Amino acid sequence: MSDIPGSEPGSVKKIFAWLIGPAIIMTAGIMGAGSTVSLVSSGCYFRYELLWAVLLSLPAIIVAQDTASRFGAAGGIGTMQLIDRETFKGLKWIILLPALMGAIIANIGQLGAMSAAAVNFINLAAGKTLISTSPSTTVNMLLYLPLAGFTILVNAFGGYKRIEKLLAYLLFIVIFSFLIVAVQAFFRYNEVVRMFKGLVPHLPADLIGQTAEGETVKRSSLIFFAAIIGGGVAATAILSYPYFMKEGGYDRSNIRNAFKKHLVTYGILLGLYSLILMVAGGFALNGQPGFAGFEGARSMGVALQSALGPVGTIFFSLGLFICGFNTLTVVSQLCSYFILDAFGKNWRFNKENKLFLVPFLSFIILPALIGAFWHYPNMLKVVIGMVFGSIITPTSIFLLIYLANKKSLMGDLKASLIRNIFLIYTLLLTLFTGTLGLIGFWKNFSEIFK
């Protein structure tokens, strides 16, 4: 793999071609509806005061994913079989089961975001509110199932390489779409000053405010800090990255140079995306009447129309729809890898492997059926996701550290002292955010299962 392309003729096209690969797929997966709503909500409630949390998470994401790519190449087999071979046989099931449960909940969220975007488009086209921000189960079913079918038709029959290119193009559309919403803030001196102040680590005071209906709500800055960190450093993303590296054709011969691509995709593209989203929420939503009550994609889309007009809502909804579609695709794909590999089956995603379609389709259709019937507050989705992450993410990072330092497995790719320092930093970070998730789950237990 060559160095990053420079300023030679056609360099933009060459840079784009250079970026296409496993890191783009994983970046598209991380940039899901959950992360999108968490970042926009963080801006909405706390303006730019949690921008520093993004900077805190990026080194952890880069090092964790790059290390996962290395032990994937060194092992030469799937992650689940590698865990079986290098640890003990029961561990893969301890990791796999909560990961799959978390994936189902994540995909319910992705379909919810896609349906919210679709509702925004329908209401804009009609010029009035045809579908409310809290639709009935029947309306949800009429939204979720066609969206699940659309995702299946686009993705199921093209194989890994087709998805790799598709998600790369969609990734840049997402960034551009949210940039349109946030762009005005970057040309206002006072807003830019506030952004720089938001890079200084501090926890803002919790927000206590009124909804448009007069209800008092409280937004915890600590929970949103944890959501920003947890959205990027996710166990399923880390454990699945070796599969994507193998699908992309990477091996020990070019794995060292992959670090450059990881710096660009996770450090620059993901960082830029996170910055734009928080700025969009902070600039367009913070301070509007009842902004403390804005919760979820539908209500934020309506609020953006009041603040920026139809253009803001159109681009916000487009970006949100693509985020949901991308992550729904990636999560279904990685769950298929996990399940097939755990049972020792062929896990490669290509036209010849029909078995791959069984779990792949299941993790799109099942969330669509559950999601239409399961009504629960949007904010609690963050808590539930963090709980499942708290169970397996620290375990995954610990496993990553163990495997990365195993000389018999890694050889010359064994982790250096600096890499180990960053991995320990990542472990501590995930333990902290996981603890917050468990606390939030305990406090909201009755509401979640109401």
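**Salt bridges and burial: worked exercises**

Arg 194 and Glu 191 sit together in helix H9 (residues 189-197), 3 residues apart, about one turn of the helix, where helices (H or I, at least four residues) are DSSP runs numbered from the N terminus. The model is predicted, so that local features need pLDDT of at least 70 and side-chain atom pairs count only at pLDDT 80 or more, while totals for chains, interfaces and linings use all residues. Residues are numbered from 1 along each chain as its sequence is written, and side-chain values use heavy atoms, with hydrogens and water left out.

**Exercise 1.** Determine how Arg 194 and Glu 191 are paired, and which residues are linked in a network with them.

*Solution.* Begin with the criterion: a salt bridge is a side-chain nitrogen of Lys or Arg within 4 Å of a carboxyl oxygen of Asp or Glu. Arg 194 and Glu 191 form such a bridge, their closest N and O atoms being 3.9 Å apart.

**Exercise 2.** Decide whether Lys 92 and its partner Asp 84 are buried or exposed.

*Solution.* First confirm the pair: the closest N and O atoms of Lys 92 and Asp 84 are 2.9 Å apart, in a salt bridge. Then apply the cut-offs, by which buried means under 20% relative accessible area, exposed over 50%, and partly exposed in between (1.4 Å probe, protein chains only). Lys 92, at 6%, is buried, and Asp 84, at 13%, is also buried.

Notes:
Helices (H or I, at least four residues) and strands (E, at least two) are DSSP runs, numbered from the N terminus.
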